[in-house]
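Hi,

Here is the structure I said I'd pass along.

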Amino acid sequence: MKTAIITDSTAYLPDAIIKSLDIRIISLNVIFKDEIFVEQDYDVQTFYERMRTEKELPTTSQPTTGEYVALLEQLKDEGFTDCISIHLSSGISGTYQNAITAGSMVDGIDIHPFDSEIAAMAMGFYVIRAAELKNALSPEEIIAELEDMKKDIHAYFIVDDLKNLQKGGRLTGAQALIGSMLQVKPILHFVDTKIVPYDKVRTKKKAIKQIKTLFAQETKDYSDITAVLIHANASEEADDILAELKAEFPHVDFVKSYFGPVIGTHLGERSIGLGYMNRKFNSFN
């Protein structure tokens with residue numbers, strides 16, 4: 001048995017981890033009018049600059065079934081017998097379902113799909129854990145481990161406005177937040193695979209403070225914690241928040257990540273996210 005780990009480009013994993021753990025990436029796409037860009041190859045800053053100046057928001061698309069089949073055929077040729085495929089929430093993308101379809105079309109390699117029910121680097125926690133275990137456990141045991149992790153992973157997102165989410169149809173319960181959005185910063189999270197409102201707070205500063213409070217409450221009983229601060233083209237702001245978090249929670253392993261073009265299309269520029277779980281990872285050390 002030889003197991004490969006596949007995820008999609010929206011995990012936004014560091015290149016060093018992708019290489020060291022031999023994680024295979026299948027990319028989603030971002031589309032400006034008639035121009036299609038492969039997310040994995042699209043410069044993030046260039047994307048946000050263009051999104052800011054275009055009259056119409058870009059759209060996104062999942063990998064085709066053919067692209068997924070080609071990846072599975074390649075892995076089979078490399079001697080892999082199994083692959084664990086971990087993808088962004090099925091409630092906002094069909095990538096997970098595409099993995100299932102492609103797996104049924106390729107003989108000689110077994111695919112074990114996993115719906116992370118989340119996105120971005122919070123999903124990356126699952127990918128890293130699977131890669132760390134791939135030589136020690138069977139694919140079925142790894143999937144069981146990932147399912148068990150779901151109860152321990154939390155993520156909250158702050159967006160500047162709901163324009164992108166509303167137009168993209170990715171926000172469930174948007175009507176609860178529609179109205180006068182002046183200075184109101186929605187806090188969002190995933191529930192049952194969907195992005196839903198958690199709260200709306202006046203000013204981003206207060207929203208960040210509330211997320212810190214949630215973080216403290218939900219991790220108070222744990223000592224081994226990894227957290228990721230995620231930003232959408234707001235690196236300096238993210239550094240300031242990260243410095244505050246490290247000072248307030250010195251026992252936590254903090255890492256920094258970003259919202260790339262596909263997730264950034266839906267959340268919008270200058271969004272901030274905090275994801276965390278009660279586990280530490282060797283790969284970050």
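Asp82 has Asp110 as its bridge partner in S7. Before you go further, keep in mind that this is a predicted model.

**The four-stranded sheet**

The sheet those strands belong to is open, has 4 strands in the order S2-S1-S6-S7, and pairs in the parallel sense. Its edges are strand S2 (23-26) and strand S7 (110-115), each of which pairs on one side only. On average, neighbouring strands here are turned by 25 degrees against each other, ignoring direction. Helix H4 (residues 95-103) packs on this sheet and touches strand S1 (3-8), S6 and S7. The direction of H4 makes about 165 degrees with that of S7.

On its other pairing, S6 is joined to S1 by 5 bridges, again in the parallel sense. Thr3 is the residue that stands opposite Asp82 in S6.

How many of the 6 residues of S6 are buried? The count is 6 of the 6, so S6 is largely enclosed by the rest of the structure. Asp82, Ile84 and Ile86 point one way from the strand, while Cys83, Ser85 and His87 point the other way, and all are buried.

**A lysine to look at**

Lys134 sits in the loop between helix H5 (120-133) and helix H6 (139-149). This lysine is buried yet has no salt bridge. Which side chain of opposite charge is nearest to Lys134? That would be Asp22, 4.5 Å away. What the Lys134 side chain does reach is the backbone oxygen of Leu21, at 2.8 Å. Leaving aside neighbours within four places in sequence, the contacts of Lys134 are Thr3, Ile5, Leu21, Asp22 and Ile142. Thr3, you'll recall, is the residue opposite Asp82.

**The six-stranded sheet**

There's also an open sheet of 6 strands, ordered S10-S9-S8-S13-S11-S12, and its pairing is mixed. Strand S10 (194-202) and strand S12 (253-258) are the edge strands, each pairing on one side only. Neighbouring strands in this sheet are turned by 20 degrees against each other on average, with direction ignored. Within it, strand S11 (residues 226-231) and S12 pair in the parallel sense over 6 bridges, and His231 has Tyr258 as its bridge partner in S12.

Two helices to trace here are H5 and H9. H5 lies across strand S8 (154-158), S11, S12 and strand S13 (272-277), at about 145 degrees to S11. Helix H9 (residues 235-248) lies across S11, S12 and S13, at about 170 degrees to S12.

You'll find Ser271 in the loop between helix H10 (261-267) and S13. Is this serine buried or exposed? Ser271 is buried, with a relative accessible area of 0%. Ser271 and Phe157 are 114 residues apart in sequence, but their C-alpha atoms are 7.1 Å apart in space. Beyond neighbours within four places in sequence, Ser271 is in contact with Ile158, Val159, Ile230, His231, Ala232 and Phe259.

**Charged pairs**

Side chains of opposite charge can pair when their charged atoms come close. The structure holds 21 salt bridges. One of them joins Glu269 to Arg52, with the closest N and O atoms 2.7 Å apart. This pair links distant parts of the chain: Glu269 is in the loop between H10 and S13, Arg52 is in helix H2 (residues 44-53), and they are 217 residues apart. Arg52 is partly exposed, at a relative accessible area of 49%.

Lys212 and Glu248 also meet in a salt bridge, at 3.2 Å from N to O. Here helix H8 (residues 204-219), which holds Lys212, is linked to helix H9, which holds Glu248, across 36 residues. Lys212 counts as buried at 13% relative accessibility, whereas Glu248 is partly exposed at 45%.

Then there's Lys151 with Asp152, where the closest N and O atoms are 3.7 Å apart. Lys151 counts as exposed, at 54% relative accessibility, and Asp152 as buried, at 14%. Finally, Lys33, Glu35, Arg50 and Glu54 are linked in a network of salt bridges.

Cheers

Notes
Residues are numbered from 1 along each chain as its sequence is written. This is a predicted model: local features need pLDDT of at least 70, side-chain atom pairs count only at pLDDT 80 or more; totals for chains, interfaces and linings use all residues. Side-chain values use heavy atoms; hydrogens and water are left out. Two strands pair if DSSP finds at least two bridges between them. Axes are lines fitted to C-alpha atoms, for helices over the stretch in contact, and angles run from 0 to 180 degrees between N-to-C directions. Contact means heavy atoms within 4.5 Å. Buried means under 20% relative accessible area, exposed over 50%, partly exposed in between (1.4 Å probe, protein chains only). Lys and Arg count as positive and Asp and Glu as negative; His and the chain ends are not counted. A salt bridge is a side-chain nitrogen of Lys or Arg within 4 Å of a carboxyl oxygen of Asp or Glu. A polar contact is a pair of N or O atoms within 3.5 Å; within protein, one must be able to donate a hydrogen and the other to accept it, and residues adjacent in sequence count only if both atoms are side-chain atoms.
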